[in-house]
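Thank you for making time this morning. I would like to walk you through one model, starting from the overall fold and ending with a few individual side chains.

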Amino acid sequence: MTDLLLWLHIGFAIFALGPITAATMSTPRFIRAKNVGVLRYLHRTTRIYGFASIGVFLFGLLLGREFLGKPYLSVSMTLFVVAAVLLIMVDRDQSTAIRVLASENPDDDAKVQVGRIAAFSGVIVLIWMVILVLMVWGDPV
């Protein structure tokens, strides 16, 4: 059973976190290009894989239930929740950018959303890298 949980945890991490990272990190480029069609696609991708990333957390929780008192797991889970909150903020900013750019008002360029999405996406990637380090070099004993 542990092997299955590990495979599911790793599989969800690869197939959910990779696409969501690509979608959020490329969003600012398409906001600057004012490409609303691609922005809608990236927003939908962020939402779908955002929900799928819950599987990473759940299977990790089931896998590590014996070690929940270990600091590396507590820190990892806390960081994952922080990343999830930041993803919700990115999703909100993507929606705002789509609405602003679709209005066709030349004064609206969604520059605020470009900066926030870029910053939040970078922080999310750093959080996932820290979690990866904690999972690889954490104390499983």
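I will begin with the chain as a whole, then turn to one pair of helices, the core, and finally a histidine.

Please keep in mind throughout that what you see is a predicted model. The C-alpha trace spans about 60 × 25 × 15 Å along its principal axes, and of the 141 residues in the chain, 37% are buried. If we consider the contacts with a separation of 6 or more, 78% of them are between residues 24 or more positions apart.

Let me now take helix H1, residues 2–32, together with helix H3, residues 71–102, which pack with their axes 11 Å apart and at an angle of about 30°. An angle under 35 degrees counts as roughly parallel, and H1 and H3 are therefore described as roughly parallel to each other. The crossing in which H1 passes H3 is left-handed. On the H1 side the contact is made by Ile 20, Ala 23, Thr 24, Thr 27 and Ile 31, while H3 brings Leu 87, Val 90, Gln 94, Ala 97 and Leu 101.

In soluble globular proteins, nonpolar side chains tend to be buried together. Here the largest nonpolar core has 23 residues, and the members that touch the most others are Ile 31, Leu 101, Ala 110, Ile 124 and Trp 128. At least two residues of this core come from each of H1, helix H2 (36–63), H3 and helix H4 (111–137), although the largest share, 9 residues, is supplied by H3.

What does Trp 128 touch, not counting residues up to four places away in sequence? The partners are Leu 17, Ile 20, Thr 21, Phe 80, Ala 83 and Leu 87.

Finally, a word on His 9, which lies in helix H1. Is His 9 buried or exposed? Its relative accessible area is 17%, and because buried means under 20%, His 9 is classed as buried. Leaving aside neighbours within four places in sequence, His 9 is in contact with Val 56, Phe 59, Gly 60 and Leu 63.

Notes: Residues numbered from 1 in each chain as written. Predicted model: local features only at pLDDT ≥ 70, side-chain atom pairs only at ≥ 80, totals over all residues. Heavy atoms only, no water. Axes fitted to C-alpha atoms, helices over the stretch in contact; angles between N-to-C directions. Helix = DSSP H or I, 4+ residues; strand = E, 2+ residues; numbered from the N terminus. Parallel < 35°, antiparallel > 145°, perpendicular 65-115°, else oblique. Left-handed = near helix turned anticlockwise from the far one by under 90°. Contact = heavy atoms within 4.5 Å. Core = buried A, V, L, I, M, F, W, Y, C linked by side-chain atoms within 4.5 Å. Buried < 20%, exposed > 50% of the residue type's maximum accessible area, 1.4 Å probe, protein only.
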